[in-house]
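Work through the exercises below with the sequence and the 3D structure at hand. Try each task before reading its solution.

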Amino acid sequence: MATGRPREFDVDERLDRALTVFWRQGYEGTALSDLTRAMGINRPSLYAAYGNKEALFRKAVDRYVEGPASYVRGALAKPTARAVAEALLYGAVEVITRGPGGCLIVQAALATGEQNESVREEIAARRRTGERDLAARFERARAEGDLPPDIDCEALARYVWSISYGVSVQAADGASNDELRKVVALALTLWPRQDAPDARRPAASVPGR
């Protein structure tokens, strides 16, 4: 039986190129011609390897979550709630000030209109998942005595993510790494404190430069 011709390009490497374009220009700001030019392939090859533009964008977002934004998964594994928040927020600052345009997910959400409702809902669903995961981590911290017993874990998770989204927008507007680290440090001064902290619990330190 005859088999199709093998692809003459690295699918993952070209996906990284597409990610860079979407990250810099957003979903609606990216034309197929931008993608084919950056990826160095023609439209039939793009469709055959990745599907249409929306399917390619979804694959690029997965690539972003598993690559540049993998700091989120690492943050959730930190030993204390405060360390989780620090790793998430300072990690966001590092990624968004070194990438081509803030946070891919935040920028896509801000610049995607009703004509691309399925893409907008996909991004919103990913944000909601992130908030639920963080709230669950804080609920565990509350049960362990690492957070005050009366803390609203959902509100705290939304607070942390709101700071993350806000610094992403500022990064897209040109705010520097140093400026955004100061914003994060100020936001963390409002972190809920225990009246009688457990002396056995190690204190979280602010990540160094």
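The exercises start with the whole chain, then turn to single helices, a pocket and some pairs of residues.

**Exercise 1. The whole chain**

Task: State how many helices and strands the protein has, and what share of its residues is buried.

Solution. The model is a predicted one. Step one is to list the secondary structure, which comes to ten helices and zero strands. Read from the N terminus, the order of elements is therefore α-α-α-α-α-α-α-α-α-α. Step two is the burial: of the 209 residues in the protein, 43% are buried.

**Exercise 2. Helix H4**

Solution. Begin with the length. The expected span is 1.5 Å times one less than the number of residues.

An α-helix has 3.6 residues a turn, so residues three or four places apart point the same way.

Last, look at the start of H4. There, a side-chain oxygen of Asn52 comes to within 3.2 Å of the backbone nitrogen of Glu54.

**Exercise 3. Helix H6**

Task: Decide whether H6 is largely enclosed or exposed, and check its span.

Solution. Count first: 14 of the 18 residues of H6 are buried, so the helix is largely enclosed by the rest of the structure.

**Exercise 4. Helix H10**

Task: Sort residues of helix H10 (residues 177-188) by side.

Solution. H10 has twelve residues and reaches 17 Å from its first C-alpha to its last, close to the expected 16 Å. The buried residues of H10 are Asn177, Leu180, Arg181, Val184, Ala187 and Leu188. These cover an arc of only 120° around the axis, which puts them on the same side of H10. Lys182 and Leu186 are exposed on the other side of H10.

**Exercise 5. The largest pocket**

Task: Describe the largest pocket by its volume, its lining and the helices that supply the lining.

Solution. The volume of the largest pocket is about 460 Å³. Among the 25 residues that line the largest pocket, Val65, Val72, Ile105, Gly130 and Trp161 are the closest to its centre. By type, the lining divides into 14 nonpolar, five polar and six charged residues.

Now assign the lining to helices. H4, H5 (71-76), H6 (81-98), H7 (104-110), H8 (117-143) and H9 (153-172) each supply at least two residues. H8 gives the largest share of the lining, seven residues.

**Exercise 6. Asp146**

Task: Locate Asp146, say whether it is buried or exposed, and name the backbone atom that its side chain meets.

Solution. Asp146 is in the loop between H8 and H9. Its relative accessibility is 15%; the cut-off for buried is under 20%, so Asp146 counts as buried. A polar atom of the side chain of Asp146 lies 2.6 Å from the backbone nitrogen of Ala81.

**Exercise 7. Pairs of residues**

Task: For Ala172 and Arg24, compare the separation in sequence with the distance in space, then do this for Ala172 and Thr97.

Solution. Place the residues first: Arg24 is in helix H1 (residues 11-25), and Ala172 is in helix H9. Arg24 and Ala172 are 148 residues apart in sequence, and their C-alpha atoms are 9.3 Å apart in space. For Ala172 and Thr97 the values are 75 residues and 8.2 Å, C-alpha to C-alpha.

Arg24 is partly exposed, with a relative accessible area of 46%. Ala172, at 37% relative accessibility, also counts as partly exposed.

How values were computed. Residues numbered from 1 in each chain as written. Predicted model: local features only at pLDDT ≥ 70, side-chain atom pairs only at ≥ 80, totals over all residues. Heavy atoms only, no water. Polar contact = N/O pair within 3.5 Å; in protein donor to acceptor, adjacent residues only side chain to side chain. Helix = DSSP H or I, 4+ residues; strand = E, 2+ residues; numbered from the N terminus. 1 Å grid on protein atoms, 1.4 Å probe; cavity = no way out; pocket = protein on both sides within 12 Å on 5 of 7 lines; lining within 4 Å. Points joined across faces, edges and corners; volume = space filled by probe spheres on them. Nonpolar A, V, L, I, M, F, W, Y, C, P; charged D, E, K, R; others polar. Buried < 20%, exposed > 50% of the residue type's maximum accessible area, 1.4 Å probe, protein only. Arc of directions from axis to C-beta.
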